[in-house]
Amino acid sequence: MRVVLLSGGGGGARFARGLADVLEPGELTVVGNVGDDLEILGLHVSPDLDGLLYTLGGLIDGERGWGRSDETWNALESAGSFGGEAWFRLGDRDIGLHLVRTQALRSGARLSEVTAQLSQHVGIGTHIVPATNDPLRTHLLTPAGRFAFQEWFVGRRHRDEVDGVQYEGATEADAAPGVLAALAGADAILLAPSNPYLSIGPVLAVAAIRDTIERRRVRCVAVSPLVGGAAVTGPLARMLMRMAGGASPTVVAGCYTDLIDALVIDESDAPAEAEVELVVSKTLMRDRDAERRLAEFVLGAACA
């Protein structure tokens, strides 16, 4: 079964791991968000791609939910002591990956090529591909001004309310090689339980990707990132309330108008109504078994 998943990091990466556990090697392609990417201390950092790589490769820090396990912070502390930027947490093990990626990009490799090489080194059977190789960056419009994603999310601890989201560079961005072919050849297309604005939105902002999904001949199923009307982590519920008037499955489904056939929602959010089919399950992924159970359920909904 050929499956394409659109995903950010965090919960999306854990859902991807569940899918990888129940599918055969090579059957899953994950199209990752690059709207969070940034350059800091001269390094190209791709947080969501790294989250996927670390999670699927068994390298993630399970307690923090991001970054490498057994991490140390000596390089960052040293950089800070010399007046360098230390607000964005880069661990020593993490920096090693960023050094390799940055060198490859400066040597002329494309982000999709580097991502494939890194996945191969880690021994991942899942295809991880960025939505685009072109510069595409998420910016938040807030009462305090316009901020690049990481400046708002990490630097300002996402305390500012959000009035709008812009995907800079999306108009010119082309889908990375392999993305459209994977979508066209998929038996099912899935949208991870990631923030619709911040994680899935930048992927769908690439016109060719959105158009291909709209023209699909297979089912497209999204997983709601809400549990009991709240986000498991992050500012999603606040964003939905302010930007769409509510934090409910109805509003989440509205973020994917004309794109999905069904939305999998948590049992704590039922009953609910939407213009698409709502399928009820337990969506909270507390452990690896829960990830697999959710993956199997969603695949069943996609094949219904």
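Arg156 is found in the loop between α6 (149-155) and β8 (164-168); helices (H or I, at least four residues) and strands (E, at least two) are DSSP runs, numbered from the N terminus. The model is predicted, so that local features need pLDDT of at least 70 and side-chain atom pairs count only at pLDDT 80 or more, while totals for chains, interfaces and linings use all residues. Residues are numbered from 1 along each chain as its sequence is written, and side-chain values use heavy atoms, with hydrogens and water left out.

**Surroundings of Arg156.** Apart from neighbours within four places in sequence, Arg156 is in contact (heavy atoms within 4.5 Å) with Ala144, Phe147 and Glu151. The side chains of Arg156 and Asp160 are joined by a polar contact of 2.6 Å. Such a contact is a pair of N or O atoms within 3.5 Å; within protein, one must be able to donate a hydrogen and the other to accept it, and residues adjacent in sequence count only if both atoms are side-chain atoms. Between Arg156 and Trp87 the C-alpha to C-alpha distance is 9.8 Å, with 69 residues separating them in sequence.

**Aromatic rings.** The whole structure holds five aromatic pairs. Rings of Phe, Tyr and Trp (its six-membered ring) pair if their centres lie within 6.5 Å; planes under 30 degrees apart count as stacked, over 60 as edge-to-face and the rest as tilted. The pair of Trp152 and Phe153 is tilted, because the ring centres are 6.2 Å apart and the planes stand at 50°. Ring pairs link these two residues and Phe149 into a cluster. Trp152 is buried (under 20% relative accessible area; exposed is over 50%, partly exposed in between; 1.4 Å probe, protein chains only) at 0%, whereas Phe153 is partly exposed at 29%.

| Charge | Ring | Distance from ring centre |
|---|---|---|
| Arg64 | Trp66 | 4.4 Å |
| Arg89 | Trp73 | 4.2 Å |

**The sheet.** Seven strands form an open sheet with parallel pairing, in the order β5-β2-β1-β9-β10-β13-β14; two strands pair if DSSP finds at least two bridges between them. At the edges stand β5 (127-130) and β14 (277-281), each with a single partner strand, so one side of each lacks a neighbour in the sheet. Strand β13 (residues 262-266) runs parallel to β14 and is joined to β14 by five bridges.

Note on methods:
Lys NZ or Arg CZ within 6 Å of the ring centre and 35° of its normal.
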